[in-house]
Amino acid sequence: MVEAMEGVKMELADCCFPLVKGVVASNKTEVAFKDVECAILVAGMPRKVGMERKELIGINTRIMKEQALALKNFANPHVRVLVVANPANTNALVVANNAGIDVKQITCLTRLDQNRAIAQIASKLNCKVEDVSDAFVWGNHSEKQCPDISHAVVQTPNGPKRVADLVEESWLESFNKTVQERGAKVIEMRKASSAASAAKAIVDHFRDWLCQLSVMEVNIILLMT
C-alpha cells in the first residue's frame, strides 16, 4: 500500500498543481493526520454492482471510527472534514460521535448529487452548467434523496428564469429518478464507483467551504487503506 501511495504522490507531482507545495505519503495515522486542517476521508470499501450504500455500513463505519479517533488525537482542532466513503451520511455521523470536534466541522459529499442535478437541468434546457444556480438536493446521499428545483434559476438571453417554469411535470419525475439513481447507473456502466465526478465534487465542496476565508495554506490529507 505504501508503494501505491508513492505512485499517487508521483502523479500529484506530475500534475503541476500550482497550489501544491508538498505531499507526504504515509500509512501511519500519527503522520498522515498530524496538524491536518482539511481532511478528505475517502478510505473505505467502494460500492459494487447491485449493492446499496447501506450494505457498506459494517465495514466502512469501523474504518470511519478509526479515522475519527486519529482526527481527535492528531489533527488541528479546527479541522474541516469531508466524508466521501459510503454510506456517507452515516459515516459522517460516526465521525461526529468520535472525533471530539464541533459537528459544524464535519460534512459529507452530497455535492456530487447537486452537481448531477445541475448537469441534468443544463442538458434539458440546452444551456451551460454555469448558467444554472440554486438547485439543491436534500436528505441522504442515497436513493431516497430529494432533488429540489423550486428555487433553481437559469440565466437566459432574456434574463434569469425559474427552471420550474421551463420544464414539464413529466420531465421532473424522470429528473428526480435520474439524480437519485445516477450513482448506481455509473456503477452498472463502468463496473466501478464514480471517480472523476466524485473528485470534481470534492473540489467544488471545499472551494465553496473555504472561499469565505482569506487566502490561507491548508494541509490536505489523502489517507488510503
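Is Trp 171 buried or exposed in this predicted model? Trp 171 is buried, because its relative accessible area of 14% falls under the 20% cut-off.

**Figure 1. Trp 171 and Phe 175 in helix α6.** The structure holds three aromatic pairs. In the pair shown here, the ring centres of Trp 171 and Phe 175 are 4.9 Å apart and the ring planes meet at 20 degrees, so the pair is stacked. Helix α6 carries both residues, which are four residues apart, about one turn of the helix. Phe 175 has a relative accessibility of 3% and counts as buried; Trp 171, at 14%, is also buried.

**Figure 2. Phe 206 and Trp 209 in helix α7.** The ring centres of Phe 206 and Trp 209 lie 5.6 Å apart, with the planes at 35 degrees, so this pair is tilted. An angle under 30 degrees would have counted as stacked. Three residues, about one turn of the helix, separate Phe 206 from Trp 209 within α7. Both Phe 206 and Trp 209 are buried.

**Figure 3. The second largest pocket.** This pocket holds about 410 Å³ of space. It is lined by 19 residues, of which Asn 115, Arg 116, Ile 118, Ala 119 and Asp 204 are the closest to its centre. Two or more lining residues come from each of α5 (111–125), β4 (132–133), α6 (169–190) and α7 (196–210). Helix α5 gives the largest share, eight residues. By residue class, the lining has eight charged, five polar and six nonpolar residues.

**Figure 4. Cysteines Cys 146 and Cys 127.** A disulfide is a covalent bond between the sulfur atoms of two cysteines. The search of the whole structure finds zero disulfides. For Cys 146, the closest cysteine sulfur is in Cys 108, 14 Å away, which is too far for a bond; the two sulfur atoms would have to lie within 2.5 Å. Cys 146 is partly exposed, at 44% relative accessibility. Cys 127 is partly exposed as well, with a relative accessible area of 22%.

**Figure 5. Arg 62 in helix α3.** Arg 62 belongs to helix α3, which spans residues 57–74. With a relative accessibility of 47%, Arg 62 counts as partly exposed, because exposed requires over 50%. The view also includes Val 94, which is 32 residues from Arg 62 in sequence. The C-alpha atoms of Arg 62 and Val 94 are 8.8 Å apart in space.

Methods
Residues numbered from 1 in each chain as written. Predicted model: local features only at pLDDT ≥ 70, side-chain atom pairs only at ≥ 80, totals over all residues. Heavy atoms only, no water. Buried < 20%, exposed > 50% of the residue type's maximum accessible area, 1.4 Å probe, protein only. 1 Å grid on protein atoms, 1.4 Å probe; cavity = no way out; pocket = protein on both sides within 12 Å on 5 of 7 lines; lining within 4 Å. Points joined across faces, edges and corners; volume = space filled by probe spheres on them. Nonpolar A, V, L, I, M, F, W, Y, C, P; charged D, E, K, R; others polar. Phe/Tyr/Trp six-rings, centres within 6.5 Å; stacked < 30°, edge-to-face > 60°.
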